[in-house]
Amino acid sequence: MCELLGMSANVPTDICFSFSGLMQRGGGTGPHRDGWGIAFYEGKGLRCFHDPAPSVDSEIAGLIKEHPIKSHVVISHIRQANVGEVNLANTHPFTRELWGYTWTFAHNGQLDKKLFDMPLSFYQPVGTTDSEYAFCWLLGEIRQRFPQRPDDTGELKKFVQERCDQLRELGVYNMLLTESRFLFAYCTTKLTWITRRAPFGEASLTDCELTVDFYKETTPNDIVTVIATEPLTDNEEWNRLEAGEMVTFVDGLPI
């Protein structure tokens, strides 16, 4: 299975600490050697990095770990291939445009081949993964239901949940999805999250010897939520999503 990493924050925040832990699982402490990717939002702008090589050995991943790119929303993924070859086209996260926003999607799990019988209305996959096909189907469904961006966020959340429930019937479907502000996190088997806010303390990574005192790195008004397949730290209490549960984060908080 692949692993997911997401972040939602109320101030521009780097993800160097969390990514340092995740990248170790890409061929070091974990078996996810089949590529990795990460997407950073700067307003509606998007900065993406993809590499079909293992993240633990990737010089690009090393750059991300050391270079503090500030963002409100981040989605990252390390891949253990089950459908589709190991190549750049099959490397998550995937992106498409809707309503003048670049949507980003990453998926952990495997879906039944019946997925490929579901008709695509607008978007077409570039690669050959079940994940990208599911994204094209999901975003096409959103586009058909909401030709324009809806004013009622609750309607959009409900619709995304319903379509994710549909995809869940086809197998394991853990997902992160965003259009730059709202970060949707949907779980069928494994997805955890933690919100860090004042009073901040120390956090220690599970997969490498790295500890950060967030009190020294933040202001009292900062709110940062990190979502991961498995907890990245061993001295904090993470929340686990239930099967079929979706949480939407905005500015670091669940809504």
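Buried means under 20% relative accessible area, exposed means over 50%, and partly exposed lies in between, with a 1.4 Å probe and protein chains only. By that scale arginine 145 is partly exposed, at 42%.

## Basis of the model

This is a predicted model: local features need pLDDT of at least 70, side-chain atom pairs count only at pLDDT 80 or more, and totals for chains, interfaces and linings use all residues. Residues are numbered from 1 along each chain as its sequence is written, and side-chain values use heavy atoms, with hydrogens and water left out.

## Overall fold

The protein chain has five helices and 15 strands. Both are DSSP runs, numbered from the N terminus: helices are H or I with at least four residues, strands are E with at least two. The radius of gyration is 17 Å, close to the 18 Å that the globule rule gives for 255 residues, so the chain is as compact as a globular protein of that length. That radius is taken over C-alpha atoms, and the rule is 2.2 Å times the number of residues to the power 0.38. Along its principal axes the C-alpha trace spans about 50 × 40 × 30 Å.

Of the 255 residues, 54% count as buried. The accessible surface comes to about 11000 Å², and carbon and sulfur atoms hold 48% of that area. Areas come from the Shrake-Rupley method with a 1.4 Å probe; for residues, only the protein chains shown count as cover. Contact means heavy atoms within 4.5 Å. Among contacts with a separation of 6 or more, 72% join residues 24 or more positions apart.

## Aromatic pairs

The structure holds ten aromatic pairs. Rings of Phe, Tyr and Trp (its six-membered ring) pair if their centres lie within 6.5 Å; planes under 30 degrees apart count as stacked, over 60 as edge-to-face and the rest as tilted. Phenylalanine 17 lies in helix α1 (residues 16–24) and phenylalanine 214 in helix α5 (residues 214–217), so the pair ties together parts that are 197 residues apart in sequence. Phenylalanine 17 is buried at 8% relative accessibility. Phenylalanine 214 is buried too, at 13%.

Another pair joins phenylalanine 19 and tryptophan 36. This one is tilted: 5.6 Å centre to centre, with 55° between the planes. Phenylalanine 19 sits in helix α1 and tryptophan 36 in strand β2 (residues 36–42), 17 residues apart. Phenylalanine 19 is buried at 1%. Tryptophan 36 is buried at 0%.

## Charges over rings

A charge sits over a ring if NZ of Lys or CZ of Arg is within 6 Å of the ring centre and within 35 degrees of the ring normal. The charged end of arginine 149 sits over the ring of tyrosine 101, 4.5 Å from its centre. Arginine 181 places its charged end over the ring of phenylalanine 182, 5.4 Å from the centre.

## Salt bridges

Side chains of opposite charge can pair when their charged atoms come close. A salt bridge here is a side-chain nitrogen of Lys or Arg within 4 Å of a carboxyl oxygen of Asp or Glu. The whole structure has 14 of them. Aspartate 57 bridges to arginine 33, with the closest N and O atoms 3.9 Å apart. Aspartate 57 is in the loop between β3 (45–51) and α2 (59–66), and arginine 33 in the loop between α1 and β2, 24 residues apart. Aspartate 57 is exposed at 56%, while arginine 33 is partly exposed at 39%.

Lysine 65 and glutamate 66 also meet in a salt bridge, 3.7 Å from N to O. Lysine 65 is partly exposed at 27%; glutamate 66 is exposed at 60%. Glutamate 155 pairs with arginine 145, the closest N and O atoms being 3.3 Å apart. Glutamate 155 lies in helix α4 (residues 153–168) and arginine 145 in helix α3 (residues 130–145), so the pair ties together parts that are ten residues apart in sequence. Glutamate 155 is partly exposed at 38%. Glu3, Arg25 and Asp207 are linked in a network of salt bridges.

## Glycine 127

Glycine 127 is in the loop between β6 (101–108) and α3. This glycine is buried at 14%. Leaving aside neighbours within four places in sequence, glycine 127 is in contact with Ala89, Asn90 and Glu132. Alanine 89 is 38 residues away in sequence and 4.9 Å away in space, C-alpha to C-alpha.
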